[in-house]
Structure formats: structure tokens, C-alpha cells
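The following note sets out some points on the architecture of the model shown below.

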Amino acid sequence: MQIETFEIQCANPAHIKEDIAALFEKKLPSLVIGYANASLPFQDVQHALKRASTPFLVSSSCLGSLLCDSKTVSAKCDLALFCVFDDAGAYGVGSANIDENSAFKAGANALQQALVNAGRPYESPALIWCALPPGNEERILEGFASVVGDQVPIFGGSMADNTVEGNWTTLTRETLGAQTIAVVVMYPASPLGLSYSSGYKPTDTVFRVSKACGRQLSELDGSPSSHIYNQATNRLIEQQLQGG
């Protein structure tokens, strides 16, 4: 198994199809996972990748996409592609529209489709990679677990856009849209090693949620949550309290 990353600095979005085609003229990957600036023409990206007979998932990111390897560290990349070359492995992509099913059911359907497309419908993958519409991630993940259990590691995360206004997009060979769940199942020929790193550090500070609506915390300990959080973090978000 070999992994290569590519970046496209898209000076002219009208040329995106040609830029993508040029990357795979000599060698076709077994799997392509991409992250792109939300302003790119995603239909053109989808059309270009469909020309290659390889499974793919591309999700929008925030203000471009970050590419990091031994040669390049660029946060201004318009399209970053993570490509797996592994002729002895198996890879499949599945998708579902969350508007057409419950989040749980859509997650289960997308994962089942990915397993079938990988040619391994009854075998748990070594790794799941996903791009999910913001808002119902927990229920979608529960849908995944209903199919393969809760012991398969899951990478990926939520879609994003440039202004946090719902202009995010995810695409696969079959689907494209803001409410698309996309999931990859991986059966690589080489063993995988996994690690997790987080910026979260627990403290002894504890609050009680006194008012909430869904995932939005309105009050902590009976006071506006933003003010309480600002006090607890030594005025970390002082400027944002006025808006923004």
C-alpha cells in the first residue's frame, strides 16, 4: 500500500476538471479522499473524478484545505487529495441523503452501500472514513455502529464551508449535496496503526447546563453560557461576546 497526497491551487476554477485529470494520467489510485474550498464548482470536480474508475469522496472545507506532508504544508490549497494505491486491498464508498431518511437510517444505509461496493458486505472494515452534514453526527455514527458494531475506528468529520452558513457540500460518484452522508470502508493489504490527538484538556471546572436547545447551550448555571465560558477561560472570547 502506498499513500500520495496532491494539491491543486485553483487560480481558475473553470480549469479544475483538467487539473484533476492531469494528476491521474499515469497511475490510477485505489481510493481518493479529497477536501476542497467550498467555493469550487463541485459538479465539475465530481465529473472529473467519475472519469476514473476509482471510488472517491470529496467534502468541502473552510477557506481552502490543508495539505501536510514531507514536501508541502499549505493552508491555501483549494483542493487536497489523499490517494491510496493498493491493488491488493479493497475500498468502497457509500452515500445517503439525510433529508430522505432519519439520520440513523441514512448512516446505516450509506455504510451498507459502502460495504457492498467494496465487495465485502459481511466483513467489518479495518477503518471507516466519513464526511457528515453538521447537526446529526451522533445519530449517524450510531447508524454506522448498527451495521458493524462499535469497535471499528472512524476517521473524518463534519463538512464545513467558508462562512458557517450551510454552504457545505460532499460528493461521491452517485451523490452531491449539502445533506449528503458519505462514508468510505477500507480493507487495506497492509496493517494499520492508529493514533488520536485532541486539543481538549479536562479541568476541575464544572457547570450545570440550565438551558439548551438541541446542541446549543444557552445557559450554564442559570447565566448566559457565553459569559460563563468567557469568565472560565480568562476572557478568551471577550471580543466575540459583542458578535461574530
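**Notes on the predicted model**

1. Helices H1 and H2 cross in the right-handed sense. The structure discussed here and in the points that follow is a predicted model. The packing angle of H1 and H2 is about 30°, and their axes lie 9 Å apart. Since angles under 35 degrees count as roughly parallel, H1 and H2 are therefore described as roughly parallel to each other.

2. The contact between these two helices can be given by residue.

3. Helix H2 spans residues 42–50, and its buried residues are Phe42, Val45, Gln46, Ala48 and Leu49. Viewed down the axis of H2, the buried residues fall within an arc of 165°, so they line one face of the helix. The elements covering them include helix H1 (16–23) as well as strands E2 (31–37), E3 (56–61), E10 (170–171) and E11 (176–177).

4. Which order do the strands take in the open sheet of 4 strands? The order is E7-E12-E8-E9, and the pairing is mixed. Strands E7 (90–97) and E9 (154–158) stand at the edges with a single partner strand each, so one side of each has no neighbour in the sheet. From one strand to the next, the twist averages 10°.

5. Within this sheet, strand E8 (residues 127–132) pairs with E9 in the parallel sense, over 5 bridges. Cys130 has Gly156 of E9 as its bridge partner.

6. Helix H4 (residues 137–148) lies across E8, E9 and E12, and runs at about 150° to E8.

7. Gly94 gives a residue-level view of strand E7, in which it is placed. With a relative accessibility of 0%, Gly94 counts as buried. Leaving aside residues up to four places away in sequence, Gly94 touches Ala110, Gln113, Ala114, Ile181, Ala182 and Val183. Gly94 and Ile33 are separated by 61 residues in sequence, and their C-alpha atoms are 13 Å apart in space.

8. Apart from residues up to four places away in sequence, the contacts of Asp78 are Ile8, Gln9, Cys10, Tyr35, Ala36, Asn37, Leu40 and Ser65.

9. A further open sheet has 3 strands in the order E13-E14-E15, with antiparallel pairing. Strands E13 (209–213) and E15 (223–224) are at its edges, each with a single partner strand, so one side of each is left without a neighbour in the sheet. E13 and strand E14 (residues 216–220) run antiparallel and are joined by 4 bridges. The bridge partner of Cys213 in E14 is Gln216.

Technical notes:
Residues numbered from 1 in each chain as written. Predicted model: local features only at pLDDT ≥ 70, side-chain atom pairs only at ≥ 80, totals over all residues. Heavy atoms only, no water. Pairing = 2+ DSSP bridges. Axes fitted to C-alpha atoms, helices over the stretch in contact; angles between N-to-C directions. Contact = heavy atoms within 4.5 Å. Buried < 20%, exposed > 50% of the residue type's maximum accessible area, 1.4 Å probe, protein only. Arc of directions from axis to C-beta. Parallel < 35°, antiparallel > 145°, perpendicular 65-115°, else oblique. Left-handed = near helix turned anticlockwise from the far one by under 90°.
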